[in-house]
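Me: I am new to this structure and would like to learn how to read it. Please take the features one at a time, with the general idea before the case.

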Amino acid sequence: MKNQFMELRASLNLSQYELSQKVGVSRTSISKIETGKSISSVVLAHKIADVLGYVYIKYLM
């Protein structure tokens with residue numbers, strides 16, 4: 001799952017930094033979510049999904 005989240009972000013040509021700025025967290029937080037070292041909150045998962053234009057939150061949980 002974590003690699004699919006990374007691929008989805010990359011397919012939109014968004015860097016970790018750009019995504020982090022759009023959702024209000026650090027780039028490190030995005031990196032940890034992508035690598036599976038951290039799990040996002042439901043609120044953050046919804047923000048990320050909104051930015052990525054994706055409704056399937058399972059990628060982020």
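Reply: Contact means heavy atoms within 4.5 Å. Helices (H or I, at least four residues) and strands (E, at least two) are DSSP runs, numbered from the N terminus.

Me: What should I know about the model before going on?

Reply: This is a predicted model, in which local features need pLDDT of at least 70 and side-chain atom pairs count only at pLDDT 80 or more, while totals for chains, interfaces and linings use all residues. Residues are numbered from 1 along each chain as its sequence is written, and side-chain values use heavy atoms, with hydrogens and water left out.

Me: How many helices and strands does the protein have?

Reply: The protein has four helices and zero strands. Along the sequence the pattern reads α-α-α-α.

Me: How is the packing of two helices described?

Reply: Two packed helices are described by the angle between their axes and the distance between the axes. Axes are lines fitted to C-alpha atoms, for helices over the stretch in contact, and angles run from 0 to 180 degrees between N-to-C directions. In this structure the axes of α2 and α3 come within 8 Å and cross at roughly 110°. That makes α2 roughly perpendicular to α3. The cut-offs are under 35 degrees for roughly parallel, over 145 for roughly antiparallel, 65 to 115 for roughly perpendicular, and oblique for the rest.

Me: At what angle do α2 and α4 pack?

Reply: Helix α2 (residues 16-23) and helix α4 (residues 42-52) pack at about 115°, and their axes are 9 Å apart. On the α2 side the contact is made by Leu19, Lys22 and Val23, and on the α4 side by Leu44, Lys47, Ile48, Val51 and Leu52. By type, the residues of this contact are six nonpolar, no polar and two charged.

Me: Which residues of α2 are buried?

Reply: Buried means under 20% relative accessible area, exposed over 50%, and partly exposed in between (1.4 Å probe, protein chains only). In α2 the buried residues are Gln16, Leu19, Ser20 and Val23. They cover an arc of only 100° around the axis, which puts them on the same side of α2. The arc is that of the directions from the helix axis to the C-beta atoms. Turned away from this buried side is a face of α2 that carries the exposed residues Tyr17 and Lys22.

Me: Why can residues several places apart point the same way?

Reply: An α-helix has 3.6 residues a turn, so residues three or four places apart point the same way. Two further helices can be read with this in mind. In α3 (residues 27-35), Ile30, Ile33 and Glu34 are buried. Seen down the axis of α3, these buried residues fall within an arc of 100°, so they line one face of the helix. In α4 the buried residues are Leu44, Ala45, Ile48, Ala49 and Leu52. Their arc, seen down the axis of α4, is 135°, so they too line one face of the helix. The α4 face turned away from the buried side carries exposed Val43 and Asp50.

Me: What follows α2, α3 and α4?

Reply: In each case, look at the phi angle of a glycine. α2 is followed by Gly24, whose phi is positive, near 80°. Just after α3, Gly36 takes a positive phi of about 80°, and just after α4, Gly53 takes one of about 70°.

Me: Which residue has a positive phi although it is not a glycine?

Reply: Asn13 does, with a phi of about 55°. Asn13 sits in the loop between α1 (2-11) and α2 and is exposed, at a relative accessible area of 67%.

Me: Is Leu14 buried or exposed?

Reply: Leu14 is buried, with a relative accessible area of 14%, and it lies in the loop between α1 and α2. Leaving aside neighbours within four places in sequence, Leu14 is in contact with Arg9, Leu19, Lys22, Val51 and Leu52. Leu14 and Leu52 are 38 residues apart along the chain, with 9.1 Å between their C-alpha atoms.

Conventions:
Ala, Val, Leu, Ile, Met, Phe, Trp, Tyr, Cys and Pro count as nonpolar, Asp, Glu, Lys and Arg as charged, and the others, Gly among them, as polar.
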